[in-house]
Amino acid sequence: MSNTNDYSWASVCESADVPSMVGVRALLNGEQVAIFRIKGQLYAVSAIDPFTKMAVLARGIVGDLKGKVVVASPIYKQHFVLEDGSCLEDETVSIKTYPIRESNGKIELAIAEAIAA
Amino acid sequence: MSKQKIVVVGNGMVGHKFIDNMIQHEAADQYDVITFSEEPRLAYDRVQLSSYFAGATADDLMLTSEGYYQESGVSYVLNDKVVEIKSDENKVVTASGREEAYDKLVLATGSFPFVPPIPGKDQPHCLVYRTIEDLEDITASAKQSKVGVVVGGGLLGLEAANALQNLGLQVHVVEFAPRLMAVQLDEGGGDLLRKKISSLGVQIHTEKNTKEIIDGEECRYRMNFADGSFLETDMILFSAGIRPQDELARQFNIEIGERGGIVVNNFCETSVKDIYAVGECALWNGRIFGLVAPGYTMAKVAASHISGGSEEFTGADMSTKLKLLGVDVASIGDAQGRTPGCLSYVYQDGVADVYKRIIVSEDRTKLLGAVLVGDVEAYGTLQQMCVLGMDLPESPEALILPSVDGGGGAVMGVDALPDAASICSCHDVSKGQICCAVQDGAMTIGDIKSATKAGTGCGGCVALATQVMNSELTKLGVEVNTDLCEHFAHTRQELYHIVRVEKIKSFDDLIEKHGKGLGCDICKPAAASILASCWNDYVLKDEHAGLQDTNDHFMANMQKNGTYSVVPRVAGGEITPDKLIALGQVAKTYNLYTKITGGQRIDLFGAQQHELPLIWKELIDAGFETGHAYGKSLRTVKSCVGSTWCRYGVLDSVGMAIRLEDRYKGLRAPHKIKFGVSGCTRECAEAQSKDVGVIATEHGWSLYLCGNGGMKPRHADLFATGLDDETLITYIDRFLMFYVRTGDRLQRTSVWMDNLDGGLDYLKQVVIDDKLNVCAELESEMAQVVGTYQCEWKTTIEDPEKLKRFRTFVNSDEKDNTVVFVEERSQIRPATDEELVRFVESTESEMA
Ligand code: SRM
Ligand SMILES: Cc1cc2nc3c(=O)[nH]c(=O)nc-3n(C[C@H](O)[C@H](O)[C@H](O)COP(=O)(O)OP(=O)(O)OC[C@H]3O[C@@H](n4cnc5c(N)ncnc54)[C@H](O)[C@@H]3O)c2cc1C
Ligand code: SF4
Ligand code: FES
């Protein structure tokens, strides 16, 4: 498993911009990312709902199902596991996840090139 | 082989049932069926006849249709009476002279009301109660009358009295016998029934023998009684029993019983070959059966015999359970205790006005009969014990004693019933059949109804059928699971109660005390709705915001491409030209697709997240407020133009619609709620398809409840009539809050009503008679909601912190590039998938 220290990080917003239990959306190199803070833990996944191709996931309700922390798409209500991006209703579908951290009052996302490297 | 010709004389309830049985038969194509009716329409539901006075139409009552008969190859002749049977030629002849040959003849001529031979009985306002035409006559006569008398205090007589009372008459019941319902009830039961009915304003006169009807002094007629007393009345309704309609058989030498009725054997054959009789005209074993269920059994038996089967009619249980003038009454088996040596137990509660008696065999092992007045909960169990000859429990009195712990412990559960137990007598459905349906996957009473037909006749068996279903589900290990979701082992109703009683103000508090985990997209919005119904906090308060569905969170409706629609409130559909212009301007500024909705207002589509506050700022400045098109809450109150402009309008429907919309706007409920208000019975506002429908009449407002358009349309039930403005609002307050309390998650009022134990009558008891003693609470809860209303959008645009939530991106002012519009009919619309692909390709080539 890769160590978070290996990435180069881009700061996307203030810590205060990500409230608890309510998603927000950020742009990272043209990609739309949904960011959540749940019980103190940060998650970042693609904001695009693979079923409708629309950027709505940051606006879904978060919670847990069978022990997994999930977001429900607000359009047709499929659930995506925030940890790994898998979809509970359809195992052939998943969404991209992004490494995320909080540092010096900022929310930071790992930059794609660094991940690829 | 040529087809057999079957002629059915009479197309009443049983004649139709017979035909239906033939149609359903596997060898249906071997028969040609033709039916004659002297009535102007095909079979209708006579049992539900009285609902005609509550607003049902002849169409609502129909049991079949001309279309169905045509499709099924059944010929029918209406308005033509069969007057002759030429049994030597196997032919019938009708009044119009038509002749029809038969291979088999089925007489289903029913019965006619008996009118005692009293001098003066043949006057214009002396009527009977049997057909739709009779009801039309009664309605017409009632319009010209103030006082009405029903002759006969039996089952039908009391039903007729109820009808007359609903028509606004002062009602008297004149009965020859010393008590009411002498056939079904014993003395104790009859006495209590009399007391209860008298207290409802119907005057009862027993042991009265009418001698003559002459002109009255105060009223139209005077009835002189044998004992010298008299009674004045404007109209008289005879309901002194029925007589089998056996005139045809009588004239053509078919055997008739001593006191009338066409004699039949166990196969429903008459004394003449190839001629059958079924229903109320048939006399079996010296008995006439004046109920529909035995008639249906006869129809089945005759159909079976004609098509080579061997089913037999072996008598029928005449137990009855009904509600007369709002009083529950039931009679089972030997209700009078006529069996030699029988013993009885009586329970009487003079305070709650309950009378129960069971009649048991000499050795106390079997139940022979029962009478229940005021509380008929035990009916199902008792009736089955009686019919099936089941053994009585150790202390039989427990069957009628109220249980001390308040539970239903005294009544033996449905588990005690054998599989053969008949649950639905209208459609002859046994407990076993219901259990089979459950095993085949039925999970709701709706499933049971469509699989077995149980409960779709008089409806009286629904409660029992539900118990059987639930018990079978439990046995199959299907937990009758009513948990909201994995986080809460409670129903919505229970959670509502918990929130109220424990004054819980946030989801975190609720889940910590009564649930587990983080919650999900089922329980969070449900809890948000409950919290809002109870405390009416601002929905975007920090602790509530994350609970809301995206629509509630952004206070707009998300569309297929992730943009939102905006629907400002246009109360009652009334809008000033200035406001119309303002809407147009906003739509133009933000390039929004504009459409008139089905709810009499205007929807602006295609707004992006960050545009919502800007749009709302302009709308609020123009005097608009939020329309809650996104909420499980009051949507629209549709109105018609009403008395202000319309030449037919009798009350100001627009004014009332606006008043109602303003009162209930913002009320969060288990599901959305829609109203309609029409200015007269032409019903241009389609109020009867709404959760709450209000229709103006000359006597005030009529209130209809629990209608639905949508996926499964349901006509609203007539709840109350002649209401003034204040009473109307009081009833609606109570109704809505009762629904908010008890409705299930996402359950519209229509489905809620269909699942409400006791149905419409129960709802009336709660809302009108305050049976549960909660009306004051319901009203004050509503007052709290009404008093704390705020336009959520106004609150939001005034709070910079909340406005941040509407940013599309936390780190950029760019627009969402997945949102692409194209133009159609001069407005925007979301691009289709193909168009999107083209768009992406073209932008990519531009970039390259
Ligand atoms: C906009 C409108 C259609 C239109 O262009 O006319 C509409 C649009 C939607 N309706 Fe509707 N309904 C609209 C009038 C109706 C009506 C007619 C009426 O109200 O008189 C009905 C039938 C009447 C009734 O509800 O009994 C209606 C029955 C439904 C149903 C079925 C409800 C049911 O119990 O069967 C749904 C689905 C649901 O609520 O679960 C629904 C759901 C929806 C949703 C919310 C579906 C969704 O989740 O996207 C649509 C989005 C609304 C929006 O603004 O984006 N809509 N919908 C109408 C808005 C009226 C308004 O001014 O607020
Ligand atoms: C107000 C009311 C309430 C009732 N409530 C209940 C209840 O709660 N429960 C219950 O079980 N029962 C109830 N009944 C009784 C129930 O309606 C009857 O048992 C049932 O209708 C009998 O069906 P049938 O087909 O035998 O007779 P009907 O339904 O009367 O049908 C007979 C038809 O034959 C026609 N006909 C007669 N002679 C001729 C002819 N020579 N040529 C052509 N047509 C002819 C008649 O016009 C009629 O249309 C009620 C009855 C009434 C009037
Ligand atoms: S319902 Fe009656 S009052 Fe209203 S518009 Fe129609 S006809 Fe006129
Ligand atoms: S008993 Fe009448 S519907 Fe079942």
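Good morning. I begin with a pair of strands in chain B: strand β14 (residues 221-225) and strand β15 (residues 230-233) run antiparallel and are joined by four bridges. Strands and helices here are DSSP runs, numbered from the N terminus, with at least two residues (E) for a strand and at least four (H or I) for a helix. Two strands are said to pair if DSSP finds at least two bridges between them. Within this pair, B:R222 stands opposite B:E232 of β15(B). Together β14(B) and β15(B) make a hairpin with four residues between them, and B:G228, in the turn, has a positive phi of about 95°.

Before I continue, a word on the basis of these values. This is a predicted model, in which local features need pLDDT of at least 70 and side-chain atom pairs count only at pLDDT 80 or more, while totals for chains, interfaces and linings use all residues. Residues are numbered from 1 along each chain as its sequence is written, chains are lettered from A and ligands numbered from 1 in the order in which they are written, and side-chain values use heavy atoms, with hydrogens and water left out.

Let me turn to a sheet in chain B. Three strands form an open sheet in the order β4-β5-β6, with antiparallel pairing. Its edge strands, each pairing on one side only, are β4 (82-86) and β6 (99-101) of chain B. From one strand to the next, the twist averages 20°; axes are lines fitted to C-alpha atoms, for helices over the stretch in contact, and angles run from 0 to 180 degrees between N-to-C directions. Strands of a sheet pair through backbone hydrogen bonds, either parallel or antiparallel. Here β4(B) pairs with strand β5 (residues 91-94) of chain B over four bridges, in the antiparallel sense. In that pairing, B:I85 stands opposite B:V92 of β5(B).

Next, a helix residue in chain B. Is B:L660 buried or exposed? B:L660, found in helix α20 (residues 653-664) of chain B, is buried, with a relative accessible area of 0%. Buried means under 20% relative accessible area, exposed means over 50%, and partly exposed lies in between (1.4 Å probe, protein chains only). Leaving aside residues up to four places away in sequence, B:L660 touches B:L634, B:V637, B:F675, B:V677, B:V694, B:I729 and B:I732, where contact means heavy atoms within 4.5 Å. The C-alpha atoms of B:L660 and B:I732 are separated by 9.3 Å, and these two residues are 72 residues apart along the chain.

Helix α23 (residues 759-767) of chain B also has buried residues: B:G759, B:L763, B:Q765, B:V766 and B:V767. Which elements do the buried residues of α23(B) pack against? The partners are β22 (320-324), β36 (700-705), β37 (717-723), α21 (725-742), α22 (749-755) and α24 (775-787) of chain B.

I now move to chain A. It has one helix and nine strands, and along the sequence its pattern is β-β-β-β-β-β-β-β-β-α. Of its 117 residues, 57% count as buried. Among contacts in chain A between residues at least 6 apart in sequence, 43% join residues at least 24 apart.

Two backbone details deserve mention. A:K66, in the loop between β5 and β6 of chain A, has a positive phi of about 45° although it is not a glycine. This residue is exposed, with a relative accessible area of 76%. In chain B, the phi of B:Q600 is near 60°, a positive value in a residue other than glycine. B:Q600 lies in the loop between β31 (593-596) and β32 (602-607) of chain B and is partly exposed, with a relative accessible area of 26%.

Finally, how do the two chains meet? The contact takes 31 residues from chain A and 35 residues from chain B. Between them the chains bury about 2,600 Å², 58% of it on carbon and sulfur atoms; buried area is the accessible area (1.4 Å probe) that two parts lose on being put together, summed over both. In chain A, A:R25, A:R59 and A:I61 lose the most area to chain B, together 27% of what that side buries.

How many salt bridges are there between chain A and chain B? The count is three, a salt bridge being a side-chain nitrogen of Lys or Arg within 4 Å of a carboxyl oxygen of Asp or Glu. The side chains of A:R25 and B:D816 meet in a salt bridge at 2.8 Å, N to O. Thank you.
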